[in-house]
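Take a walk through this structure.

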There are 2 protein chains.
Amino acid sequence: MARSVEFNEEEAIQKAMVVFWEKGYNGASLRDLTDAMKINSSSLYNTIGDKHELFVRCVKYYTDTRKKDLDRRLKSARSSFEILVKYINDSVESIIGKESCLAIKTAFEVASSDKRVKDILKADSDYAYRFLHSLISRAMEEGKIAKDEDPELLADYFISTWTGWNEAYILHKDPAKIKRMSQYFIKQISK
Amino acid sequence: MARSVEFNEEEAIQKAMVVFWEKGYNGASLRDLTDAMKINSSSLYNTIGDKHELFVRCVKYYTDTRKKDLDRRLKSARSSFEILVKYINDSVESIIGKESCLAIKTAFEVASSDKRVKDILKADSDYAYRFLHSLISRAMEEGKIAKDEDPELLADYFISTWTGWNEAYILHKDPAKIKRMSQYFIKQISK
DNA sequence: TTATTTCTGAAACATATGTTTCAAAATAGA
DNA sequence: TCTATTTTGAAACATATGTTTCAGAAATAA
């Protein structure tokens with residue numbers, strides 16, 4: 001029938017995601033985005049849609065990627081407690097060096113006034129919650145976490161704490177500080 | 001000699017601060033700001049300066065206000081442990097209902113690319129750290145916090161955790177969730 | 001009161017923004 | 001190959017943006 005789309009949509013979304021990640025939603029201009037994506041704005045509007053739609057797709061792509069990572073971790077042969085500790089340590093590493101988590105930046109920049117974005121972030125947070133909750137529960141069965149701990153609370157607690165580590169790293173750029181806090185967290189929950 | 005400035009600068013800064021707080025640095029336009037401040041842009045440029053300078057002043061005003069609050073708390077006649085617990089509970093209340101903390105929003109929106117703003121936020125964070133550190137140390141002397149706790153770590157830890165509570169409230173709007181986490185924190189540090 | 005200086009309001013400014021238009025190029029199927 | 005349809009690139013679009021200009025209003029000190 002006719003010509004088909006030339007650019008790879010997933011690759012383009014990835015490129016745009018990096019721009020939003022670095023500059024934020026309001027800080028990223030359409031030119032910044034289309035330059036990075038290496039497409040013309042007409043192609044963008046013809047396929048994905050407007051700036052906001054592009055942003056929603058980028059945030060969704062980010063959370064989908066995270067979800068896959070969590071699923072992969074659950075399939076590991078190690079004990080739940082080991083998976084949990086590795087996840088915590090990897091989370092710390094992800095803070096250091098990189099721009100801090102896109103989901104967190106977005107939560108503070110636009111989530112309170114953008115329901116669609118907020119819902120995506122909430123679903124992401126809920127998924128991480130369930131991931132942590134199941135690991136913590138099983139680690140309690142394994143006898144690695146005290147039976148009197150509350151897995152629901154610990155899961156929420158870790159998510160919150162991790163967000164704070166991101167801020168602390170932005171302000172102080174001190175990896176040791178973050179590692180100290182993460183070790184404290186692990187020590188606190190370990191039986 | 002001549003005419004003097006008509007508007008009250010402190011009041012104007014406060015009004016602008018509210019706009020930045022709600023919309024973020026990039027989300028707030030000069031018109032939004034001057035409308036709220038009820039001044040003409042020529043007056044703004046004639047006194048305070050450009051948009052960025054105004055933003056810096058607003059962030060500084062915010063952190064100065066916080067600093068005064070902490071100083072006031074330290075003068076209280078209550079025990080250090082009681083001051084600490086009250087501070088934690090008040091911090092939780094401040095999250096609920098309001099727009100989340102301007103310093104945190106700003107840290108995630110612009111601090112990584114704006115050294116001047118970052119330095120103000122870092123100083124604010126350091127001040128809160130010293131506040132918490134001294135309360136925790138004294139509460140340990142009072143025998144209310146176990147002697148084997150590390151006040152430096154606990155101070156950093158609370159600051160991080162509190163940041164996370166802000167995000168959790170944006171996403172879930174669930175006061176009980178935040179209160180549960182804060183009670184857990186207090187329980188954890190209590191002897 | 002007057003002279004001088006400064007502030008204010010409205011408008012103008014240049015540029016940046018998100019979005020649309022449209023002719024030409026491209027291509028899948030007939 | 002031809003045709004119908006779609007994508008693309010470049011330009012145009014309207015509006016929003018941060019900032020500046022400047023004439024006139026205001027007010028201080030003489």
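Chain A has nine helices and zero strands. Follow the sequence of this predicted model and chain A reads α-α-α-α-α-α-α-α-α. The C-alpha trace of chain A spans about 65 × 40 × 30 Å along its principal axes.

Now look at how chain A is packed. It has 191 residues, and 51% of them count as buried. Take the contacts in chain A with a separation of 6 or more: residues 24 or more positions apart account for 68% of these.

Chain A exposes about 9400 Å². Carbon and sulfur atoms supply 49% of that area. Chain A also carries 32 positive and 30 negative side chains. The centres of these two sets lie 2 Å apart.

Next, move to chain B and find B:F131. This residue sits in helix α7 of chain B, which covers residues 115-141. Is B:F131 buried or exposed? Its relative accessibility is 3%, so B:F131 counts as buried; the cut-off for buried is under 20%.

Which residues does B:F131 touch, leaving aside its neighbours within four places in sequence? B:F131 is in contact with B:L70, B:R73, B:L74 and B:Y87. Pick out B:L74 from that group. B:L74 and B:F131 are 57 residues apart along the chain.

Terms used:
Residues are numbered from 1 along each chain as its sequence is written. Chains are lettered from A and ligands numbered from 1 in the order in which they are written. This is a predicted model: local features need pLDDT of at least 70, side-chain atom pairs count only at pLDDT 80 or more; totals for chains, interfaces and linings use all residues. Side-chain values use heavy atoms; hydrogens and water are left out. Helices (H or I, at least four residues) and strands (E, at least two) are DSSP runs, numbered from the N terminus. Buried means under 20% relative accessible area, exposed over 50%, partly exposed in between (1.4 Å probe, protein chains only). Contact means heavy atoms within 4.5 Å. Accessible areas come from the Shrake-Rupley method with a 1.4 Å probe; for residues, only the protein chains shown count as cover. Lys and Arg count as positive and Asp and Glu as negative; His and the chain ends are not counted. The place of a charge is taken as NZ of Lys, CZ of Arg, CG of Asp or CD of Glu.
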